[in-house]
Amino acid sequence: MSPTAAEVAEADRQFAAWMRGNLARAADHFGVTVTDDPVFGWRLRSIGVPVCSFDGRRWLRVVSEQVQWAEGDWWTGNADANAITGIRKPRVLDVVEWDIPKVRRQRAELMTYVSGRRCSDTDSLRANVELSAGWWAELRRSLDVIRSTPTTRVRKDETAIRRSVHVRFGLSIEVRTWETVHGDLHWANLLQPDLAILDWEHWGRGPVGTDAASLYCYSLLAPRTAATVWDTFADVLDTPAGTTALLYVAARLLHRVEMGDHPELAAPLRRLVDGLET
């Protein structure tokens, strides 16, 4: 029998309180003082907050996962992203982990603080956002820096990508060209008025055009902004590689729709795929 809405709400309340306790434990470990209300990540699995340290303002983040899943590239992604330089992003300064034996593992990361406000409170843009030409130029430059950064990390391998597109759309694809990608580029991970890119858990090798395709798909409810994304990255999106990236991203987001995330994107994503030359 499925839990009731009230039972789910109570479980979320208790888990959020437990995550606040994890945040307090991490703050005590690093000797920092919490200075604002925390924000929670996807499905409460992470919590972050500005803090004050002897060296100035910092950002403290704690992620929790079942022990069997708390490993691999995604688990160390934020710290591994210190290898990417020349763009505006947080840098991990210190890390500590602790376990509830055989149940959950927690990882706390103390990072540099990057000022700015998120372009959207949600991954998917609900209305057009006004951004300067300089912001768009910096986004283009930043993604070019990421693309050229060598790494052995992998966002998702070709077998998994081909399977997800075939299962979702009945199409067979080949990923012919690869590059380094952020891997989760949406509007809540971008800051303005000065561009900064947050949340580096999933960066690694991915199909060429993945980040441009991701931002375009998350913009489908804001046509003017979506058009600007396409114009900024038309040299990639208007190619066969761009079509492959759009199919990959659309399949991934429609899977998330089935899990209950951003259902408003379901119809525009399907229209996008129907209009692609495959």
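**Loops, strands and cavities**

Biologist: Where is Arg-43 placed?

Modeller: Arg-43 is in the loop between strand E2 (39–40) and strand E3 (46–53). Helices (H or I, at least four residues) and strands (E, at least two) are DSSP runs, numbered from the N terminus. This is a predicted model: local features need pLDDT of at least 70, side-chain atom pairs count only at pLDDT 80 or more, and totals for chains, interfaces and linings use all residues. Residues are numbered from 1 along each chain as its sequence is written, and side-chain values use heavy atoms, with hydrogens and water left out.

Biologist: What is phi of Arg-43?

Modeller: Phi of Arg-43 is near 55°, a positive value in a residue other than glycine. Most residues other than glycine have a negative phi. Leu-44 is in the loop between E2 and E3 as well, and its phi, near 70°, is also positive in a residue other than glycine.

Biologist: And is Leu-44 buried or exposed?

Modeller: Leu-44 counts as buried, at 18% relative accessibility. Arg-43 is partly exposed, with a relative accessible area of 45%. Buried means under 20% relative accessible area, exposed over 50% and partly exposed in between (1.4 Å probe, protein chains only).

Biologist: Which loop holds Asp-36?

Modeller: Asp-36 lies in the loop between strand E1 (33–34) and E2. At 43% relative accessibility, Asp-36 counts as partly exposed.

Biologist: What does Asp-36 touch?

Modeller: Leaving aside residues up to four places away in sequence, Asp-36 touches Val-49 and Pro-50, where contact means heavy atoms within 4.5 Å. The C-alpha atom of Asp-36 is separated by 11 Å from that of Leu-60, and the two residues are 24 residues apart along the chain.

Biologist: Changing topic, in what order do the three strands of the open sheet run?

Modeller: The order is E7-E9-E10, and the pairing is antiparallel. Strand E7 (117–118) and E10 stand at the edges with a single partner strand each, so one side of each is left without a neighbour in the sheet. Two strands pair if DSSP finds at least two bridges between them.

Biologist: How many bridges join E9 to E10?

Modeller: Two bridges join these antiparallel strands. Leu-191 has Ala-196, in E10, as its bridge partner. The loop between E9 and E10 holds Pro-193.

Biologist: Is the peptide bond from Gln-192 to Pro-193 cis or trans?

Modeller: The bond from Gln-192 to Pro-193 is cis, with omega near 5°. Most peptide bonds are trans.

Biologist: On to helix H3: which of its residues are buried?

Modeller: In H3, Trp-135, Trp-136, Leu-139, Ser-142, Leu-143, Val-145 and Ile-146 are buried. These buried residues pack against E8, strand E9 (190–192), strand E10 (196–197), H5 and helix H6 (223–232).

Biologist: What span should the 15 residues of H3 have?

Modeller: At 1.5 Å a residue, H3 should span 21 Å, and its end C-alpha atoms are 21 Å apart, which agrees. The expected span is 1.5 Å times one less than the number of residues in the helix.

Biologist: How many cavities of 30 Å³ or more does the structure hold?

Modeller: The structure holds two. On a 1 Å grid over the protein atoms alone, a cavity is a set of points where a 1.4 Å probe fits but cannot get out, and a pocket is an open set with protein on both sides within 12 Å along at least five of seven lines; lining residues have an atom within 4 Å of a point. Grid points are joined across faces, edges and corners, and a volume is the space filled by probe spheres set on the points.

Biologist: What is the volume of the largest cavity, and which residues line it?

Modeller: The largest cavity has a volume of about 80 Å³. Its lining includes Leu-143, Arg-147, Asp-211 and Phe-233. Helix H3 (133–147), strand E8 (178–181) and helix H5 (210–217) are the elements that give two or more residues to that lining, and E8 gives the largest share, three residues.

Biologist: And the second largest cavity?

Modeller: The second largest cavity has a volume of about 30 Å³. Among the residues that line it are Asn-78, Lys-89, Met-111 and Trp-200.

Biologist: Which residues lie nearest the centre of the second largest pocket?

Modeller: Ile-173, Glu-174, Pro-240, Thr-243 and Thr-244 lie nearest its centre, out of 16 lining residues. This pocket has a volume of about 230 Å³, and helix H8 (residues 240–258) gives the most to its lining, with five residues.
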